[in-house]
Amino acid sequence: MTSVGAVIRDPGSSIKNKTGSWRTFKPTLDKEKCIDCGNCILFCPEGCITKDYDIDYDYCKGCGICAEECPVKAIKMERE
Amino acid sequence: MIKVMSANGAISEAVKMCKPKVIPVFPITPQTTISEYLAKFVADGVLDAEYIRVESEHSAISAAVGASGAGVRTFTATSSQGLALMHEILFVAAGMRTPIVLGNANRALSAPLSIWNDQQDSISERDTGWMQFFAENAQEALDFVIQAYKISEDHQVLLPSMVCVDGYILTHTVEPVDIPRQEDVDEFLPPYEPISYLDPKNPMSLGTFTDPDYYMEARYDMQTAMDGAKDVIRRVNKEFEEVFGRKHGLVESYKTEDAEIILVAMGSICGTIKTVVDYLREKGEKVGLLRVISFRPFPQEDIYQAVKGARRIAVLDKNISLGIGGVLFNEIKAKMDVNASGFILGLGGREISPDHIIEIIEKTRNPTETNKINWIGLKEEE
Amino acid sequence: MEIPEKELLAPGHRACAGCGATIGVRLALKMLGENTVAVSATGCLEVITTPYPETSWKIPWIHVAFENAGAVASGVERALKAQGKDDVTVVAFAGDGGTADIGLQSLSGAMERGHNLIYICYDNEAYMNTGVQRSGATPYGASTTTTPHGEESFGENKPKKNIPMIMAAHGVPYVATASISYPEDFMMKVQKAKEVEGPAYIHLHQPCTTGWGYDSSKTIELGRLAVETGSWLLYEIVEGEFKITYRPLERKPVNVYLEAQKRFKHLADAEKEKIQNYVDEICAELKI
């Protein structure tokens, strides 16, 4: 059923849609190599890398921006 | 308090008393003085509202949807080309269930360009989901604005509405208008309580995108709201009568009880028709008038009950849906089993005299080609 | 710069993998905070974030139509003020279509009236949501579906409509250009926009992997190349005073930028030279 005026009262409810199923390549982050620059966190279009550099694979679409922008190549994209 | 004013003045007084918080409005003949009276009220501090001098009617209605979405009572006004320019957003306002009230000075649509009265503009918006109330005079214009807020804001309705007044005929003539007391309006019309609004304390997303799984139910809900609005209108009419002493309805029956010929029309022309009806009744003719006040929601039961006893009815249209004919005529024919003749008149401000009404009654009494569109007041080819 | 952790745009939205718009909005919302109402014009951002019954917006949000973000934001801003909610920030997000073309009138009206709101145009240089048709912001030489290159055409034959300058001409107190590839510069500008009493306008360059034709991982790299080649300028106009906020140490030739994108791959040397000359002229004036 559609709400009155198709209003959505559940902010952030898009989390129900796990876009992780979209990806072909999966990033893995080597925390040893990581220099805590924050680029990957900043540049992720999904915002799914936490401040502790954990990637939320439920949403990661595998775009590869994080791997590309990591200055020390701590992130590798691997075919899933 | 009785004051002499135009329908534009009356609408403005009503708006002032209903206390909208945001008024985006763009001027257009013959609505212009509404935009001016409201600006003056705000400038004088007698109306505490944010007046937005928008740069077009499309922006006027867009800002109104934004403001209503943000949870406040709003008002705008327009006419003809302006209403047409709003067309896209009228559907959105209704679909987003924003209870905006709009004052429309009925004016012909270009082309050819005309600033004079007919009802094409609001009639052409009949699909939008907006309720439409046609006032016969300035008093009704005032009363309908106040009632419109109460009807639109009802949680069972939540559809925007427009109060229609015939351009120039009502907007640029004056008559005595009884302006109610603010306390009475406050008692009758409580503050607006939105169910959807923009507030960081309770974030909602308004104006979303629906795929085929959701759209149809939203439209069904709107039709349900329109149907239910008829009862809300009746209830609000009754409450209005109790507080202010004036009676209104979805329709007005004028000497229809035993009428053989009943004219059906909307707006100020009904004043002329009532005069003719009185005149003919004196002469023993059984004629009457069924004035349609609420065009949307379409009050088919009320119309039918009033006209079913007539031998034949004459439906007057100050509009034409090119390619088929007058809209009110076609809608009545579609919704009920009545003998009816349809007449197109008054387009682009063409004068309608009592003689024209008599001509209509004659042509209804003795109809000739019933499938032809009857034009009244058209100039003959030399 | 202290960057807030909280994400106000939730994942799960339908953006292409590598979308630049969502990066821009995430960064902007970090600076604007929770006490914000967002207005969207029809476009990629609106469609990907609010497929009923899901929404990515964790702040209040409204969408009305394509060409009226400016007008809707004006109504929202006045309504909040009328309710005494002056502290709530109003931000409008619209694409280049909804800003430079169909949206120009309502933007102009809103800015001229001086409403207290921030307008951010996410410029991906074409009508991307409907499949890459040209907009007034499509750059010279770009191939789009309505300016396709062919025997008789090299693509878009007009330069970008200069919206930031149009905004400055309106007397908007804070106008800036930005790029998602220069996040601190962008976020600093968002912060400044927030502090302005009155309107603020930010024109955000946003590479689009689908529309421009490059691998999704290169979105940030492309934005960087645009700035490093002088193809995109980062500046502010504060109370009418123009100031460049970033100068590349050594400006790269535009070919580096053009050759990285499918939409420019067809260009002959003559056209690429024209583009280089055009960039050189502007950069010479600005000492870039």
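Author: In this predicted model, helices H3(C) and H5(C) pack with their axes 6 Å apart and at an angle of about 35°. On the side of H3(C), the contact is made by Ala69(C), Gly70(C), Ala71(C), Ala73(C) and Ser74(C), and these meet Ser106(C), Leu107(C), Gly109(C), Ala110(C) and Arg113(C) of H5(C). Sorted by class, the contact between the two helices has 5 nonpolar, 4 polar and 1 charged residues.

Just after H5(C) comes Gly114(C), which takes a positive phi of about 75°.

Chain B has 12 helices and 16 strands, and 57% of its 382 residues count as buried. Its radius of gyration is 20 Å, which agrees with the value near 21 Å that a compact globule of 382 residues would have, while its C-alpha atoms fill a box of roughly 65 × 50 × 45 Å along the principal axes. Among the contacts in chain B that link residues at least 6 apart in sequence, 79% join residues at least 24 apart.

One element of chain B to look for is an open sheet of 5 strands, with mixed pairing and the order S4-S5-S7-S6-S13. Strand S4 (75-78) and strand S13 (294-296) stand at its edges, and each has a single partner strand, so one side of each is left without a neighbour in the sheet. On average, neighbouring strands of this sheet are turned by 25° against each other, with direction ignored. S4(B) runs parallel to strand S5 (residues 101-106) of chain B, to which 4 bridges join it, and Phe75(B) stands opposite Val101(B) in S5(B).

Finally, chain B also touches chain A, with 16 residues of chain B in contact with 9 residues of chain A. Strand S9 (205-206) and helix H8 (215-244) of chain B each supply at least two residues of that side of chain B, and the largest share, 3 residues, comes from H8(B).

Methods: Residues are numbered from 1 along each chain as its sequence is written. Chains are lettered from A and ligands numbered from 1 in the order in which they are written. This is a predicted model: local features need pLDDT of at least 70, side-chain atom pairs count only at pLDDT 80 or more; totals for chains, interfaces and linings use all residues. Two residues are in contact if their C-beta atoms, placed from the backbone, lie within 7 Å. The radius of gyration is taken over C-alpha atoms; the globule rule is 2.2 Å times the number of residues to the power 0.38. A residue is buried if 20 or more other C-beta atoms lie within 10 Å of its own, exposed if 12 or fewer, and partly exposed in between; C-beta atoms are placed from the backbone. Axes are lines fitted to C-alpha atoms, for helices over the stretch in contact, and angles run from 0 to 180 degrees between N-to-C directions. Ala, Val, Leu, Ile, Met, Phe, Trp, Tyr, Cys and Pro count as nonpolar, Asp, Glu, Lys and Arg as charged, and the others, Gly among them, as polar. Two strands pair if DSSP finds at least two bridges between them.
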